[in-house]
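Biologist: I have the sequence and the model open side by side. Could you walk me through it while I ask whatever comes to mind?

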Amino acid sequence: MISIYYDEEIVEHMAASSEKVVPVKGMEEFKKSFSIQMALVALMDKTGYDILQENGQRKYGGPPPNWKGPAPRIDCEVFVGNIPRDMYEHELVPLFVTAGTIYELRLMMEFSGHNRGYAFVMYTKKEQAQLAIRMLNEYEVRPGKFIGVCPSLNNCRLFIGSIPKDKSREEIMEEIKKLTEGLRDVTVYSSTSDSSKNRGYAFLEYETHKAAALARKDLIAIRNLWGHVPWVNWAKPDKHGKGANVQFVRAVHVRHLSPSTTEETLKREFERIKEGALVRVKKFSDHAFLHFGCHKDAVTATSIMNGATIDGNIVEVSLAKPIGEGLGKKSCGKGYQGSKTGGGAKESVKDRSSLQSLNLPPHFQCAVGPDKADKSMFPLFPGTPLYRTDVLLLQPDQIRSAVSLLDLYCCRQNLPPPHYQLFSMLGQDGTRLLVYKVVMPLTQSAFVPDKLCVRLDDAKELAAQHTMWNLGDTPIHTHIHTHSQ
């Protein structure tokens, strides 16, 4: 239970009229804190739940009154972000209880008494957590303040960068075990150009989320690891195969393959598990999709082959993303399957007038106008299917935008996407000039170009291009250089 300490005389003094109160330094803060404490006590009296504060968090419930049996599974919990720092349980509980019965609400707290901007809400049923996400994600809790609600993932994996490329998996594990506790496994991927070297980063798997969190804290404090400052952050959780359509998934995604690995090699390796289970294999540059006859065989292949070595490379194997998962509400599932030789229907006068009514800029009108057909565009016929495509399947020469190239670079390096922050100033003629600051979340490195732009898109493109130049000599960096010639 929460303990509230106050002096009866002070309370009586606060209840008096404002004219009789002598201003005292800190009195307003005390009044606010006292009112919050009283609101929390009222919440406990009304619901019967306890509120306990320990280890930097305040727990409401866990378990609730008259609860019998084990605690709910992790898929019954949601993560809540962007909470205003002065919002507490007496406001959060009435909001989240609209989706179902709360088993436990954990609000992360600062020493100052303010919350840390995020919380975890565990429901008694998985369906209630899913309903909370649908109802309350991007919900406006205060004017201009929107919270984010998403599934809670018990992440036990860390990403560590700036590792010398000549270090083996065993050497990395030996060193990290000296610095942290609870390390279960280390995953290192071979370089595509030299299988004897790693890619400069690794994934650390810990026994529990708590062990991973403590390890992250310890590793971030290290300023010298093999002569470098390590980059440490939570690894991006693998969300594939977690949706409602997982039971229908029969395809497996194999990543970090050697470019020399063939489809025949993959078929031979995976059919060792169960002969005849594999239906077809499609290999790309450094990854492949394998289709099985049933979901059970795909799951078995994933569990056995994940982390296996194929042609000298340690591969990552996971269920492919279910078809339709993550599609927007306006997606109809139909679309492009045009051929380069296809003729397409003639454009009507109505269609031309519709385009002209949009007042498109000249360069866009040239790209889509009937007299300036772009050789890279093809007709989209009604009734043809569209398939969700991962950006990692694209080649750099399919992308001309530096913004998209930078996103592709981050995906391939398993880095979080860049953050764009817009700044402006007024020019001599009153025109607002724009510039973007690009922040790489993993390293908090910031890049700002030395030119201002009038158009928003130009400013973002220039910022992305400037960032790629400063990230180093990469294949995508070289591609940008080629297009800027």
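Biologist: Which residues is Lys145 in contact with, leaving aside its neighbours within four places in sequence?

Modeller: This is a predicted model, and in it Lys145 is in contact with Pro84, Tyr139 and Glu140 once the neighbours within four places are left aside. Pro84 is 61 residues away along the chain, yet its C-alpha atom and that of Lys145 are separated by 7.3 Å.

Biologist: And where does Lys145 lie?

Modeller: Lys145 lies in strand S7, which covers residues 145-151. With a relative accessibility of 46%, Lys145 counts as partly exposed, because exposed would require over 50%.

Biologist: What does Leu433 touch, not counting residues up to four places away?

Modeller: Leu433, which lies in strand S19 (residues 432-440), touches Phe423, Ser424, Met425 and Gly427, and also Leu452, Cys453 and Val454. The C-alpha atom of Leu433 is separated by 8.0 Å from that of Arg455, a residue 22 places apart from Leu433 along the chain.

Biologist: Stepping back, how many helices and strands does the chain come to?

Modeller: The secondary structure comes to 13 helices and 20 strands. Of the 485 residues in the chain, 35% are buried. Among contacts between residues at least 6 apart in sequence, 60% join residues at least 24 apart.

Biologist: Let's go to helices. Which residues of H6 are buried?

Modeller: In H6 the buried residues are Ala211, Ala212, Ala215 and Leu219. They cover an arc of only 95 degrees around the axis, which puts them on the same side of H6.

Biologist: What do those buried residues pack against?

Modeller: The buried residues of H6 pack against strand S11 (231-234), helix H5 (169-179), S8 and S10. The face of H6 turned away from that buried side carries Lys210, Lys217 and Ala221, which are exposed. As for its span, H6 (residues 209-221) has 13 residues and reaches 19 Å from first C-alpha to last, close to the 18 Å expected at 1.5 Å a residue.

Biologist: What about the span of H12?

Modeller: Helix H12, residues 456-471, has 16 residues that should span 22 Å at 1.5 Å a residue, and its end C-alpha atoms are 23 Å apart, which agrees. Its buried residues fall within an arc of 165 degrees when seen down the axis, so they line one face of the helix. Buried in H12 are Ala459, Ala463, Ala464, Thr467 and Met468.

Biologist: Changing topic, how many aromatic pairs does the structure hold?

Modeller: The structure holds 11 aromatic pairs. One of them joins Phe159 and Phe203, whose ring centres are 5.8 Å apart and whose planes are at 65 degrees, so the pair is edge-to-face. Phe159 lies in strand S8 (residues 157-161) and Phe203 in strand S10 (residues 198-206), so the pair ties together parts that are 44 residues apart in sequence.

Biologist: Which residues form a cluster with Phe159?

Modeller: Phe159 forms one aromatic cluster with Tyr189, Tyr201 and Phe203.

Biologist: And which charged end sits over the ring of Phe284?

Modeller: That is Lys282, whose charged end sits over the ring of Phe284 at 5.9 Å from its centre. Elsewhere, Lys460 lies over the face of Tyr420, 4.7 Å from the ring centre.

Biologist: Last topic, confidence. What is the mean pLDDT of the chain?

Modeller: The mean pLDDT is 77, and 75% of the residues reach 70 or more.

Biologist: Where is the pLDDT below 50?

Modeller: Residues 239-244 are one such stretch, with 11 contacts in the model beyond near neighbours in sequence. The pLDDT is also below 50 over residues 473-485, a stretch with 23 such contacts. Where pLDDT is low, the predicted coordinates should not be read in detail.

Notes:
Residues numbered from 1 in each chain as written. Predicted model: local features only at pLDDT ≥ 70, side-chain atom pairs only at ≥ 80, totals over all residues. Heavy atoms only, no water. Helix = DSSP H or I, 4+ residues; strand = E, 2+ residues; numbered from the N terminus. Expected span 1.5 Å × (residues − 1). Buried < 20%, exposed > 50% of the residue type's maximum accessible area, 1.4 Å probe, protein only. Arc of directions from axis to C-beta. Phe/Tyr/Trp six-rings, centres within 6.5 Å; stacked < 30°, edge-to-face > 60°. Lys NZ or Arg CZ within 6 Å of the ring centre and 35° of its normal. pLDDT = per-residue confidence, 0-100. Contact = heavy atoms within 4.5 Å.
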